[in-house]
Amino acid sequence: MAVPTAILLGLAVGSFLNVCIGRLPRGESVVRPRSRCPECGRTIVWYDNVPVVSYLVLGARCRRCRASISARYPVVEILTALIAGVLAVRHGLGPAWAFHLAFAAAMIVLAAIDLDHRILPDSITLNGILIGVLANVYLGAPNPLAQGLLGLAGMEHPHPRVAALVGSLAGLIAGGGLLWAVREAFFRLRGVEGMGLGDVKMMAMVGACLGLPLALLTLVLGSVSGAVIGTIFMRLSGKSRDYELPFGTFLGAGAVVAAVSGNEIVRAYMDGVLPPG
Ligand SMILES: [Zn+2]
């Protein structure tokens, strides 16, 4: 029953994420008031606010003013539900599931807000760094890389929570630090800012939550997808070279992939690079 339960919970979480995406950039409460139609201001009653179902029943329109409802609402809900389901297969319905779902949810919100406004709110990234470190210590998941590092430093059998703390901090420093170095280099070479500090803080959060290898995987996925999709989009839409790509949107997509199946990707890559045995 874990997976169906996770999917239902994921739909509800996705519905809340839509509220966050709309309200956080405007500094509004995500708890009150109840949702309203942005067009006519009508308070949305509960039976018109059921994830995905209401969107289909209402034919993607407001019940009163018939203004069209963005397809992003059901897309965010379905995406969150799918992620919740896959994570339940991986982790079962426990603390590790809740942490990974919360992380993916934060990445979805950051990706959407960056796409809309080109900002990445500190309220998510800075709190995310703190929660990432604390959650890793609490969960104390095995961390071969951190155990190896501590072994080199003379700690042969570190406590799992100590290894998890070192792994989280290493991810924080590497994720944030690498992007900060790229930002500095770009500024020195070109004299303009090519990237906001928000992206740096977002990558520090990804590193703190997922650890070092997955932070690097996120950077690679985000940069490559951003370069490829960004180039295609600019060609097709005829936007100028000054068009500001929402880098946080691509980082967010990469981070979700890393959170859901990153360990398998890293392992497959290592198997391909390293000689067998
Ligand atoms: Zn309306």
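**Exercise 1. How many salt bridges are there between domain 1 and domain 2?**

Step 1. Start with the term: a salt bridge is a side-chain nitrogen of Lys or Arg within 4 Å of a carboxyl oxygen of Asp or Glu.

Step 2. Between domain 1 and domain 2 the count is 2 salt bridges. Bear in mind that this is a predicted model, where local features need pLDDT of at least 70, side-chain atom pairs count only at pLDDT 80 or more, and totals for chains, interfaces and linings use all residues. Residues are numbered from 1 along each chain as its sequence is written, and side-chain values use heavy atoms, with hydrogens and water left out.

Step 3. Now find Arg-90 and Glu-264: they form a salt bridge whose closest N and O atoms are 3.3 Å apart.

**Exercise 2. Which residues coordinate the zinc ion, and what is the arrangement of the donor atoms?**

Step 1. Donors are N, O and S atoms within 2.8 Å of the metal (3.2 Å for Na, K and Ca); water is not among the atoms, so sites may look incomplete.

Step 2. The SG atoms of Cys-37, Cys-40, Cys-62 and Cys-65 coordinate the zinc ion at 2.3 to 2.4 Å. Along the chain, the donors follow the spacing C-x2-C-x21-C-x2-C.

Step 3. Four donors count as tetrahedral if all angles lie between 85 and 135 degrees. The 4 donor atoms around the zinc ion subtend 107 to 112°, so the arrangement is tetrahedral.

**Exercise 3. Is Cys-37 buried or exposed?**

Step 1. Buried means under 20% relative accessible area, exposed over 50%, and partly exposed in between (1.4 Å probe, protein chains only).

Step 2. Cys-37 has 8%, so Cys-37 is buried. By contrast, Cys-40 is partly exposed, at 25%.

Note on methods. Four donors count as tetrahedral if all angles lie between 85 and 135 degrees; four count as square planar and six as octahedral if opposite donors are over 155 degrees apart and all others between 65 and 115; anything else is irregular.
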